[in-house]
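This report describes selected features of one protein structure. Please look at the sequence and the model before reading on.

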Amino acid sequence: MARRKKIYEGKAKILYEGPEPGTLVQYFKDDATAYNAEKHAVIDGKGVLNNRLSEFFMTGLNAIGVPTHFIRRLNMREQLVRQVEIIPLEVVVRNFAAGSLSKRLGLEEGTQLPRPIVEFYYKDDRLGDPLVAEEHIIAFGWASQQDLDDMVALALRVNDFLSGVMLAVGIRLVDFKIEIGRLWEGDFQRLVVADEISPDSCRLWDIETGRHLDKDVFRRDLGDLADAYSEVARRLGVLPTNVTHSGKPRLIN
Ligand code: 5GP
């Protein structure tokens, strides 16, 4: 294959120039990082699983009219996506207390929140992605008030969809992070879900046992990360049910 132009390399993914203008190829690496890349490992098969799981969630969102950047999966590690202008904010939705919210407010992990809470974090590795208020976002011009309203609505629709899909397979969606991009169509812009949706960016707990099936397994040394992600994929029907702990992930189609 001819050499492709690399547009951007992040901690878990690489973006290459796509085959047509306005498209990119998103490549999923096996690298896992945590605590602003202080902790790093290569986890065999993680990229394959996240590519397939992100495809599953994005396809479902597109099907119910929640716009995303996803076009189609190309192969085991790559998907074709629309090129968007990423808004420099991580949008986090929380249904149960965990992680930084539990620390910040002294809430026991697993406490159900009175309603889903949407938070914004400014994407800046040097600052460790700080929590920001709408005031900061508007004052510094990262997004307009209209964008913010649209982002909250989009994030809550993603939350309803993901919560339902996960509940159906016995998994609690504790919280998740998405990134949102601007898709320009002539002079008009539309906000779409971008980046990825995978166990790297969600907290997923088995409803019966409380087992963690997400990146906290890596962050907190709770066991085998690929095994946890395979379990999510298996329950969602993305992997055949006979994939074993030692086996490499095998795609159904
Ligand atoms: P917390 O703020 O509790 O650390 O994270 C809340 C949720 O957002 C978790 O599901 C976590 O996985 C996700 N999240 C927050 N920041 C990042 C990030 O920089 N990268 C990824 N992959 N997920 C994040």
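N36 lies in the loop between β4 (31–34) and β5 (39–42). The model is predicted: local features need pLDDT of at least 70 and side-chain atom pairs count only at pLDDT 80 or more, while totals for chains, interfaces and linings use all residues. Residues are numbered from 1 along each chain as its sequence is written, and side-chain values use heavy atoms, with hydrogens and water left out.

Most residues other than glycine have a negative phi. N36 is not a glycine, yet its phi is positive, at about 55 degrees. D221 also has a positive phi, near 50 degrees, and is a residue other than glycine. D221 is placed in the loop between α5 (216–219) and α6 (225–235).

How exposed is N36? Its relative accessible area is 40%, so N36 is partly exposed. The classes are buried (under 20% relative accessible area), exposed (over 50%) and partly exposed (in between), with a 1.4 Å probe and protein chains only. D221 has 62% relative accessibility and therefore counts as exposed.

**Aromatic rings**

There are three aromatic pairs in the structure. The rings of Y122 and W142 are stacked, because their centres are 3.9 Å apart and their planes are at 15 degrees. Rings of Phe, Tyr and Trp (its six-membered ring) pair if their centres lie within 6.5 Å; planes under 30 degrees apart count as stacked, over 60 as edge-to-face and the rest as tilted. Y122 belongs to strand β9 (residues 112–122) and W142 to the loop between α3 (134–139) and α4 (145–167), so this pair ties together parts 20 residues apart in sequence.

Y122 and W142 are both buried. W142 also pairs with F140; that pair is tilted, with 5.3 Å from centre to centre and 35 degrees between the planes. F140 has a relative accessible area of 55%, so F140 is exposed, whereas W142, at 17%, counts as buried. Through these ring pairs, Y122, F140 and W142 form a cluster.

Two arginines lie over rings. R4 is over the face of Y16, 4.1 Å from the ring centre, and the charged end of R172 sits over the ring of F96, 4.6 Å from its centre. A charge sits over a ring if NZ of Lys or CZ of Arg is within 6 Å of the ring centre and within 35 degrees of the ring normal.

**The ligand**

The ligand is surrounded by 16 residues, and the closest are R94, S100, D175, R203 and R219. A residue counts as near if one of its heavy atoms lies within 4 Å. The table gives polar contacts (pairs of N or O atoms within 3.5 Å).

| Residue with polar side-chain atom | Distance to a ligand oxygen atom |
|---|---|
| R94 | 2.8 Å |
| D175 | 2.6 Å |
| R219 | 2.9 Å |

On its own the ligand has 490 Å² of accessible area, and the protein covers 80% of that. Accessible areas come from the Shrake-Rupley method with a 1.4 Å probe.

Helix α4 has 23 residues and reaches 33 Å from its first C-alpha to its last, close to the expected 33 Å at 1.5 Å a residue. The expected span is 1.5 Å times one less than the number of residues. Among the buried residues of α4 are L148, F161 and M166.

L173 is in strand β11 (residues 171–185). L173 has a relative accessible area of 4%, so L173 is buried. The C-alpha atoms of L173 and V93 are separated by 9.8 Å, although these residues are 80 residues apart along the chain.

Technical notes: Helix = DSSP H or I, 4+ residues; strand = E, 2+ residues; numbered from the N terminus. Polar contact = N/O pair within 3.5 Å; in protein donor to acceptor, adjacent residues only side chain to side chain.
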